[in-house]
Amino acid sequence: MAVAIVATLDTKGIEAGFVRDRLREAGVATILVDAGSTGVPQCDADVPREQVFTEAGSTLASVQRANDRGHAVTLAAVGTTRIVQRLHADGQVTGVLGLGGSAGTAIGTAAMRALPYGIPKIMVSTLASGQVQPYVGVRDILMLHSVTDLCGLNRFTRQILANAAAAMAGMILQPPLAAKRDKPLIAATMFGVTTPCISAARTHLEAAGFEALVFHATGTGGRTMEAMIADGLIAGVLDITTTELADEFVGGVLSAGRDRLTAAAIKAIPQAISVGALDMVNFGPPETVPERFQGRRFYQHNASVTLMRTTPEENDKLGKEIAEKASAARGPTAIVLPLGGVSAIDCAGGPFWWPEADRALFQSIRNWVGPNVKMIEVYCHINDPEFAETAARTLLEMVGSNYIAR
């Protein structure tokens, strides 16, 4: 069992060698992968750069002749990913540690994102204090800021790299978790304004023998859930909070992308879908709200979060999108509508109470949904216990007793 160390050894070889030696001192074997393409390697690799580019369907010589750094990084990421995947599949690699600037971070994290959840992944990067979503994606990657550039060893980088090696050694050498029979997983989506619903629904799911994975519908949460469904990890989906669709359609900051609400349909996973928090689109502080939305209805959730009420016209289109995506599902699918309001602030007397907008959403779903989708309308608010129980029981009926842990 070894840790794969990924670095461009022509520029980060000294640092990679330092990390390798710290891991070996801690009793952890290493496999050093050279993802560089230009200068002379500063230390010896276990997987040379020639092999990396061969794995990517090219050669080191052709990459050097092209003299295109961006193309070289792209190929290095492909080749490194394939090598690390194979080493992990063969049981040789149980963790990945990368180090670098923009190129090294792109290469190292590409390999990390291709590995399963739970495999230790540490990226020491000059970019770790900025926007890391493109590098982390939906995987469990630990980003460690190098503070200074990785250009030789100094009093800062020695300690930071030593900390990274110690953290990796700790994860690799920790005693394995006690073996137990895992319960089948139900994925659920939640926002602060739908928390009571999911909290109550969890009780029903867990009582039936399932384990609930609750995803915060903040864009990353929805993407992560969709990825886990696509990976075949999920037995059923309680997609109560589909608010990310509103941010994607209207232009908010918490979009999960156009593929939201598609993985369960493609994988034929049972799903109970609702319309939680579709009354809102998310922005940052008030000054960040685009000028084109002047005159709309807003609610200041906190100093950093401004919510904007969706209109009847927007809800009409969102309803159609939900209906069409649900109708395309290959597996058992239901839509459960809370006719008394879709969020904690969409209730009688609440700041986002707008019955016409909700009715437009509900009627659009009725108009466009296919006959293969079960429609359930509950005459209560989304956070009422009755709605939570109805949604949970609907999903449990579709999942069936075959998945229930005994």
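Which residues touch the most other members of the largest nonpolar core? In this predicted model, they are Val84, Val96, Ile107 and Met143, out of 35 residues in that core. A nonpolar core is a set of buried Ala, Val, Leu, Ile, Met, Phe, Trp, Tyr and Cys residues joined through side-chain atoms within 4.5 Å. Buried means under 20% relative accessible area, exposed means over 50%, and partly exposed lies in between, with a 1.4 Å probe and protein chains only. Several elements each supply at least two residues of this core, including strand E1 (2-7), strand E2 (29-34), helix H4 (69-89) and strand E3 (93-100). H4 gives the most, with eight residues. Apart from this core lies another, of 26 residues, among them Ala208, Ala212, Leu238 and Ala388. In soluble globular proteins, nonpolar side chains tend to be buried together.

Residues are numbered from 1 along each chain as its sequence is written. Local features need pLDDT of at least 70, side-chain atom pairs count only at pLDDT 80 or more, totals for chains, interfaces and linings use all residues, and side-chain values use heavy atoms, with hydrogens and water left out.

The chain has 14 helices and 14 strands. These are DSSP runs numbered from the N terminus: helices (H or I) have at least four residues, strands (E) at least two. The C-alpha atoms fill a box of roughly 70 × 55 × 40 Å along the principal axes. Of the 406 residues, 53% are buried. Among contacts (heavy atoms within 4.5 Å) between residues at least 6 apart in sequence, 72% join residues at least 24 apart.

Two residues show local surroundings in detail. Ile107 is in contact with Val6, Thr8, Ala35, Val73, Ala76, Ala77 and Thr80, leaving aside neighbours within four places in sequence. Ser37 lies in the loop between E2 and H2. Ser37 is buried, at 14% relative accessible area. Residues up to four places away not counted, Ser37 touches Asp10, Arg49, Phe53, Leu60, Val63, Gln64 and Ala72.

Helix packing was examined next. Axes are lines fitted to C-alpha atoms, for helices over the stretch in contact, and angles run from 0 to 180 degrees between N-to-C directions. Angles under 35 degrees count as roughly parallel, over 145 as roughly antiparallel, 65 to 115 as roughly perpendicular and the rest as oblique. The axes of H1 (residues 9-25) and H7 (residues 155-173) come within 9 Å and cross at roughly 45 degrees. H1 and H7 are therefore oblique to each other. H1 contributes Glu15, Phe18, Val19, Arg22 and Leu23 to the contact, while H7 contributes Arg158, Leu161, Ala162, Ala165, Met168 and Ala169.

H12 (residues 312-327) and H13 (residues 355-368) pack at about 30 degrees, with axes 7 Å apart. That makes H12 roughly parallel to H13. Their contact includes Leu318 and Ile322 of H12, and Leu361 and Trp368 of H13.

Backbone angles complete the description. Most residues other than glycine have a negative phi. Val147 has a positive phi, near 70 degrees. Val147 is found in the loop between strand E5 (142-145) and H7. Val147 is exposed, with a relative accessible area of 53%. Leu261 also has a positive phi near 70 degrees. Leu261 lies between helix H10 (244-250) and helix H11 (263-267), in a loop. Leu261 is buried, at 3% relative accessible area.
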